Amino acid sequence: MAETQETISAEIAELRDAYAKAVADGGPRSDHPARDYRPYRSSVLRHPKRPLVTVRDPEAVELSGPVFGVTDVTDLDSDLTRQHSGEPQGERITVTGRVLDRAGRPVRGQLVEIWQANAAGRYAHQRDQHPAPLDPNFTGVGRCLTDDEGRYAFTTIKPGPYPWRNHDNAWRPAHIHFSLFGTAFTQRLITQMYFPGDPLFRYDPIMQSVTDDAARQRMVAEYVHDLSVPEWSMGYRWDIVLDGPAATWIEEGR
């Protein structure tokens, strides 16, 4: 029998209380959860258990890795609603923000990639077989480069929530996955952006694994009415801070 939401919620509450007590006793705050966060069952099963492997020749890794040039990234890559012959189904949105370092300086020329479910909460991926419709006009992947002010921008469809098998009646809040590359393909960070006011936040072990309240709130985009395009799209802003006290949560080895 699948585990219940009550079991998972009780574990989340226990771990949050333990974290709050540790901070109250003088312990450090942490933006990043343990890789073996118990309520996130699949992370417990597949997180790294051995020391990281040191790359002795980073240049050799780069030679065998993927390569792209600035001219390879086009405007069509950042507009997920124009990548097919027809219009995708769902609420059209614009997502924009800045990629910043710990001092608030813009990170220029950063390759930003996104992938997401469609409006029905289904990925265009063979492993996603839950009974929600695929959209022939929406693949759900895009990329762009940050400009001189560190800005990125995507036009896409607001993704739907979807079921996953962490426990009985488990649903993921609507989210967009972000991938950021540094100056080399070995420097890759992955995170997730959520939408404000989602009722599934409290039930989601992945989001709740970020125990610190302030760090968890930094994962949620802000609806900005001035970013909305009349009769076209709703607008959201989400800045990504790569490190430091205000850093955005990054998936570590999951």
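What share of the contacts in the protein chain with a separation of 6 or more comes from residues 24 or more positions apart? The share is 69%, where contact means heavy atoms within 4.5 Å.

Ground rules, quickly. This is a predicted model: local features need pLDDT of at least 70, side-chain atom pairs count only at pLDDT 80 or more, and totals for chains, interfaces and linings use all residues. Residues are numbered from 1 along each chain as its sequence is written, and side-chain values use heavy atoms, with hydrogens and water left out.

Now the overall picture. The protein chain has 6 helices and 11 strands. Both are DSSP runs, numbered from the N terminus: helices are H or I with at least four residues, strands are E with at least two. The radius of gyration is 19 Å, close to the 18 Å that the globule rule gives for 254 residues, so the chain is as compact as a globular protein of that length. That radius is taken over C-alpha atoms, and the rule is 2.2 Å times the number of residues to the power 0.38. Along its principal axes, the C-alpha trace spans about 50 × 45 × 35 Å.

Next, burial. Of the 254 residues, 44% are buried. The cut-offs on relative accessible area: buried is under 20%, exposed is over 50%, partly exposed is in between, with a 1.4 Å probe and protein chains only.

Gln 5 lies in helix α1, residues 5-24. Is Gln 5 buried or exposed? Gln 5 counts as buried, because its relative accessibility is 14%. Leaving aside neighbours within four places in sequence, Gln 5 is in contact with His 167, Asp 168, Asn 169 and Tyr 203. A polar atom of the Gln 5 side chain lies 3.5 Å from the backbone oxygen of Tyr 203.

Gln 83 sits in the loop between α4 (75-78) and β1 (92-100). Gln 83 counts as partly exposed, because its relative accessibility is 25%. Not counting residues up to four places away in sequence, Gln 83 touches Leu 76, Asp 77, Val 141 and Gly 142. Which backbone oxygens does its side chain reach? For Leu 76, a polar atom of the Gln 83 side chain lies 3.3 Å from the backbone oxygen. For Val 141, the side chain reaches the backbone oxygen at 3.3 Å. One more: the C-alpha atoms of Gln 83 and Phe 138 are separated by 7.5 Å, at 55 residues apart along the chain.

Notes. A polar contact is a pair of N or O atoms within 3.5 Å; within protein, one must be able to donate a hydrogen and the other to accept it, and residues adjacent in sequence count only if both atoms are side-chain atoms.
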